[in-house]
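Let's take a walk through this structure together. Keep the picture open as you read.

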Amino acid sequence: MPCCQHELNGQIRCPELGPVLRYGVIRERMAALITDALRADLLEEKGYDVQILEFIDMEHTPKNLMIRAVKSAAMRPMGFRAAEHEGLKRAMELLHVNPALKELLYEEDDR
């Protein structure tokens, strides 16, 4: 399986963001941030309490985010989950991305 940021970097296609995404280094950084945001949203959708933390100062590395996810015993209200799911789905459709994490998290539902 490819590195998640590289996976999304290769998938992102969004005409609205074309002027921004045409610069390689900007595209790479945006792909990394989008990857982390989608990871957090996918984990929340599957019932995890999620925090995104900066764990190394930016002067040392631009990839300094850590996602901490703990499986929650509390269920979120169905209406909340449906609304969040639709927003996440629309974001992935807008960017034309399908993260491997989504497939891995939802493959257990297919069993």
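Start at Glu44, which is partly exposed, with a relative accessible area of 30%. (Buried means under 20% relative accessible area, exposed means over 50%, and partly exposed lies in between, using a 1.4 Å probe and protein chains only.) Keep in mind that this is a predicted model, where local features need pLDDT of at least 70, side-chain atom pairs count only at pLDDT 80 or more, and totals for chains, interfaces and linings use all residues. Residues are numbered from 1 along each chain as its sequence is written, and side-chain values use heavy atoms, with hydrogens and water left out.

Glu44 sits in helix α3. (Helices are DSSP runs of H or I with at least four residues, strands are runs of E with at least two, and both are numbered from the N terminus.) The C-alpha atoms of Glu44 and His85 are 9.9 Å apart, although 41 residues separate the two along the chain.

Which residues of α3 are buried? Among them are Ala31, Ile34, Leu38 and Leu42. After α3 comes Gly47, with a positive phi near 95 degrees.

Now look inside. Leaving aside residues up to four places away in sequence, Leu38 touches Leu8, Leu88, Met92, Val97 and Pro99, where contact means heavy atoms within 4.5 Å.
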